[in-house]
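Here are a few notes to read alongside the model.

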Amino acid sequence: MADTNMIAGNLGDYLRTRRALVSPAEVGLPPTGRRRVPGLRREEVAELVGLSTDYYVRLEQGRADRPSDEVLDALGRALRLGSAERAHLYDLARPPRRSATTAAAAAAGATGGGRGESVRSGLRRVVEAIPTTPAVIMNDRNDVLAWNRLAAALMADFPSLPPRERNMARRIFLDPHAPEVHQDWDEAARTTVGMLRMAAGRRPHDPELVRLVGELSLGSPAFRKLWASHHVHEKTQGPKRFRHPAVGDVTLHYETFRAPGAAHLLLVIYTAPPGSPAEEALNLLGSLTAPGAASRTRTGGSPGQS
């Protein structure tokens, strides 16, 4: 199993990677002298935040006391962090005790991979009842726990997969055919790693998350490179491009909702604009995969004909 310190990272690692992404000009500082490394120097961050350089250095080295909310907020502004990045900064600055994270992981179904985690029947019925657009329920480890017929037709044949393989991170990084399904593979890979980073900050001792990150690190050089960037991502909404052998390229828009009473679960619904080629593709895919479609085709009926 991979080491939990490598999985979660620490505040110092995160501060170093973030300040390397900010140029002096972006924060109103004049460029001074030749720089050996990109981004801001430690003393420049300290000046922007209003800290002594010594204290900031101790923050990066993990030798400082628990930083205050005021210091963390100032760091977020100085390093130009977005909302997800600020949340991750707070998670790393206030790591939970192992006992607390173990309990949280157990409550979230820490046996993972869909093996031990369950979705209440009402939520599952909501997803399965969505008729014309793909929908899934997943957790922040990217385990797909519930899906409707169109999601299984477009994304992966979830019913036929072992529970452990119903994980989008594994499919994106370990399935050689993933770039054929995900047209925007580079962006999908980056956001997937960002989601796992967020989860690791919240639950650094989640054994299934530790195991997953270790497996992906061993199996995918692309994952290792992205993981080292400390990028974080909160799945909310955006475009998603798929390619399906029967209906071609499909560009959808997804919206994400936190499940009531189960905040670690995400309901993700993919939609197409009315009258668009994507809507036509979904309609065709729905007819091709409707119950009885294969038998109707064999007997001469058109897909979707009753």
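**Notes on the packing**

1. Let's begin with Val136. In this predicted model, and leaving aside residues up to four places away in sequence, Val136 touches Val127, Val144, Ala146, Trp147, Ala151, Met155, Phe158, Leu266, Leu267 and Val268.

2. Val136 belongs to the largest nonpolar core, which has 28 residues. Val136 is listed there among the residues with the most contacts inside the core, together with Trp147, Met155, Phe158, Leu252, Val268 and Tyr270. Two or more residues each come from β1 (135-139), β2 (144-147), α9 (149-154), β4 (248-259), β5 (262-271) and α15 (277-289). Helix α9 gives the largest share, five residues.

3. Do look at the other core too: it lies apart from the one above and has 27 residues, including Leu15, Leu40, Leu92 and Ala93.

4. Which residues of helix α5 (residues 69-78) are buried? They are Val71, Leu72, Ala74, Leu75, Gly76 and Ala78. As partners, the buried residues of α5 have α2 (11-19), α3 (42-49), α4 (53-60) and α6 (83-93), against which they pack. Just after α5 comes Arg80, with a positive phi of about 55 degrees.

5. A last stop is Ser276, in the loop between β5 and α15. Why does Ser276 count as buried? Its relative accessible area is 12%, and buried means under 20%. A polar atom of the Ser276 side chain lies 2.7 Å from the backbone oxygen of Pro273.

Conventions. Residues are numbered from 1 along each chain as its sequence is written. This is a predicted model: local features need pLDDT of at least 70, side-chain atom pairs count only at pLDDT 80 or more; totals for chains, interfaces and linings use all residues. Side-chain values use heavy atoms; hydrogens and water are left out. A nonpolar core is a set of buried Ala, Val, Leu, Ile, Met, Phe, Trp, Tyr and Cys residues joined through side-chain atoms within 4.5 Å. Buried means under 20% relative accessible area, exposed over 50%, partly exposed in between (1.4 Å probe, protein chains only). Helices (H or I, at least four residues) and strands (E, at least two) are DSSP runs, numbered from the N terminus. Contact means heavy atoms within 4.5 Å. A polar contact is a pair of N or O atoms within 3.5 Å; within protein, one must be able to donate a hydrogen and the other to accept it, and residues adjacent in sequence count only if both atoms are side-chain atoms.
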